[in-house]
Amino acid sequence: MRISWSSSEVGLSLTRRRSQAVGERAIRSILVAATAISVITTFAIVLSLASDTIAFFQEVSLIEYLTGTLWTPLFSNPKFGIWPLLTATFLTSAIAMVVAVPFGLAISIYLSEFASPRARSLIKPLLEVLAGIPTVVYGYFALTAVTPFLRGFIPDIKSFNSLSAGLVMGVMIIPIVASLTEDAFNAVPRGLREAAYGLGAMRYEVALHVVFPAALSGVAAALLLALSRAVGETMIVALAAGQNPTFTLNPLVPVSTMTAYIVQVSLGDTPYGSIGYKTIFAVGATLFVITFVINFISTIVVRRFRERYE
Amino acid sequence: MLEARCYEMSAMPTLFSLKKQEQDRLGATSHQESLIGERAEAVLETQQLSVFYGNFKAIQNVSLAFQRNKITALIGPSGCGKSTLLRALNRMNELIPGTRTEGAVLYHGKNLYDPDVDPVEVRRRIGMVFQKPNPFPKSIYDNIAFGLQINGWKGSKSAMDEIVERSLRRAALWDEVKDKLKQLGTSLSGGQQQRLCIARAIAIEPEVILMDEPCSALDPIATLKIEELMNELVKQYTIIIVTHNMQQAARVSDYTAMMMLNPETRAGEVIEYDTTEVIFTKPKDKRTEDYVSGRFG
Ligand SMILES: Nc1ncnc2c1ncn2[C@@H]1O[C@H](COP(=O)(O)OP(=O)(O)OP(=O)(O)O)[C@@H](O)[C@H]1O
Ligand SMILES: [Mg+2]
């Protein structure tokens, strides 16, 4: 069969397409502009962080910063060892993850494998409410309710401590863990579940032996994202864990996380341009690097996950 | 207990404490006579079976008897409820929220929808192979071993090796994978994956195997392999297959059920059920004739 077009027909169809392309191009440029703004903003943040961070490291040695265990930048004899802030961030985040991972996973496995549509439609909005509570409310809750409660069991606990901050932060992160891991479970093809049910598997066996392993990298990525959320969380730790940089892994005493330190200096009367002022950029940059690395790892994990299932 | 079952092919189903009525079951010589309603010959029998998705009735009043050690094909235009019927036979439908089943599915005379019946046990005895090959993202070996492990298998490693090998051999896959049992099941070709799924299904020694368009994702050569395999398997199992491929139905099945939407209720029903020979050469219903000769849907 031969298809022949007259030249006028070809010209006509080409013109029509071109006129459509104008509208398409307009939409495209709007989208590109929106993308560009967010990319540029990110770069601006990095640049402003970078310049003050560089200024900081012209006055303080990187070695001292990375190895020192004393953080007293506002003292007359200032010390700039980041470790007290690092351990505090690590401690609160770890406690938070210990709370959030089991509860979050239990909720998401329940929602994706066990819950009836009715139960799901009741629980999901509840989780959204939990996720919607301002973190400052969580912070006060930790300080004024959880710490006094814990004192009933642990009389030694200080008013500011990483335990109650971490526990409450864990509760705050539960909805994030639950919804991200639920996405990972839902991405497991239905056919795999049916295959297992067809072999006489029970619900929990399908959940534990088929869905969970199949979603493992998605789950890992979700947990990493939740971790970076915990590391970056500010209000709860600033309010409940204290502002007292101590190099310790004792969860019962006041500490200062990186974020809490930044808040403290930002709100205080540290003069603009002073070394104390510059510390917050160095700490901010450190935080940025840490969360960036965590997110980067999780992106890699997610990509491997996609390759396996699409 | 399962181990014993695996070695004793002829073990009686103990699930429902049945009378030993199986011996005469192979005696079905005259297809026409023993076809519908003669329960002694039937492994599975539906009675006035209707399935609903919410308020939507997908199939209505299906009464069919599936004969032991025979291949029964379910044919009919798309959307007439073939998959729904098939999945009602091992209670897979109820995994979809909002489904409801009326009527009965008798398995050796016991209604699978009775309240005291455990759907997990049902699915262990009435296995399933799906349209899209769906091996687990585990090794080939573990794909086979999984069904035994979840069913409380307690044998030795070498016994398991043996079952894996035997299942793969029976699924005509052993020679192709015997050197790479540790590889992911998902790394096989589509046809191999489907045979792996068949091996996985037969590893737990079901009595009935349900197949929902098992070859629709496969090329003609892989399809022929599966068909040969079915002819081999039917000596030991009862097979019920949904297919859109008329030649396939004609080639492999002993009985054929023709399904069709009821024009008034829009629910699928069986309009004719007979030996495959009759359905394809002298069907009683005009619509069956049109359908099998390709003049329809
Ligand atoms: N999960 C479901 N929820 C709601 N309706 C469904 C569901 N599955 C199937 N149906 C409906 O039930 C009817 C029968 O579907 P079924 O899948 O059994 O048809 P089928 O004969 O297998 O079709 P095909 O040949 O296309 O596979 C269709 O109208 C379909 O839309
Ligand atoms: Mg179907």
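This is a predicted model: local features need pLDDT of at least 70, side-chain atom pairs count only at pLDDT 80 or more; totals for chains, interfaces and linings use all residues.
Q: Which residues come nearest to ligand 1?
A: The shell around ligand 1 holds 13 residues, and those that come nearest are B:Ser78, B:Lys82, B:Ser83, B:Thr84 and B:His244.

Q: Which polar side-chain atoms lie by an oxygen atom of ligand 1?
A: One belongs to B:Thr84, at 2.4 Å from a ligand oxygen. Another belongs to B:His244, at 2.8 Å from an oxygen atom of ligand 1. The protein buries 63% of the 630 Å² that ligand 1 exposes when taken alone.

Q: Which elements give two or more residues to the shell around ligand 1?
A: In chain B they are strand S2 (56–62) and helix H3 (82–88). The largest share, three residues, is from H3(B).

Q: What is the make-up of that shell by class?
A: Around ligand 1 there are six polar, five nonpolar and two charged residues.

Q: How is the packing of helices H5 and H6 of chain B to be read?
A: A packed helix pair is described by two values, the angle between the axes and the distance between them. Here H5 (residues 140–150) and H6 (residues 157–170) of chain B pack at about 110 degrees, and their axes are 10 Å apart. Angles of 65 to 115 degrees count as roughly perpendicular, so H5(B) and H6(B) are roughly perpendicular to each other.

Q: Which residues make the contact?
A: H5(B) contributes B:Ile140, B:Tyr141, B:Ile144, B:Ala145, B:Leu148 and B:Gln149. From H6(B) come B:Lys157, B:Met160, B:Asp161, B:Ile163, B:Val164, B:Ser167 and B:Leu168. By class, this contact has nine nonpolar, two polar and two charged residues.

Conventions
Residues are numbered from 1 along each chain as its sequence is written. Chains are lettered from A and ligands numbered from 1 in the order in which they are written. Side-chain values use heavy atoms; hydrogens and water are left out. A residue is near a molecule or strand if one of its heavy atoms lies within 4 Å of it. A polar contact is a pair of N or O atoms within 3.5 Å; within protein, one must be able to donate a hydrogen and the other to accept it, and residues adjacent in sequence count only if both atoms are side-chain atoms. Accessible areas come from the Shrake-Rupley method with a 1.4 Å probe; for residues, only the protein chains shown count as cover. Helices (H or I, at least four residues) and strands (E, at least two) are DSSP runs, numbered from the N terminus. Ala, Val, Leu, Ile, Met, Phe, Trp, Tyr, Cys and Pro count as nonpolar, Asp, Glu, Lys and Arg as charged, and the others, Gly among them, as polar. Axes are lines fitted to C-alpha atoms, for helices over the stretch in contact, and angles run from 0 to 180 degrees between N-to-C directions. Angles under 35 degrees count as roughly parallel, over 145 as roughly antiparallel, 65 to 115 as roughly perpendicular and the rest as oblique. Contact means heavy atoms within 4.5 Å.
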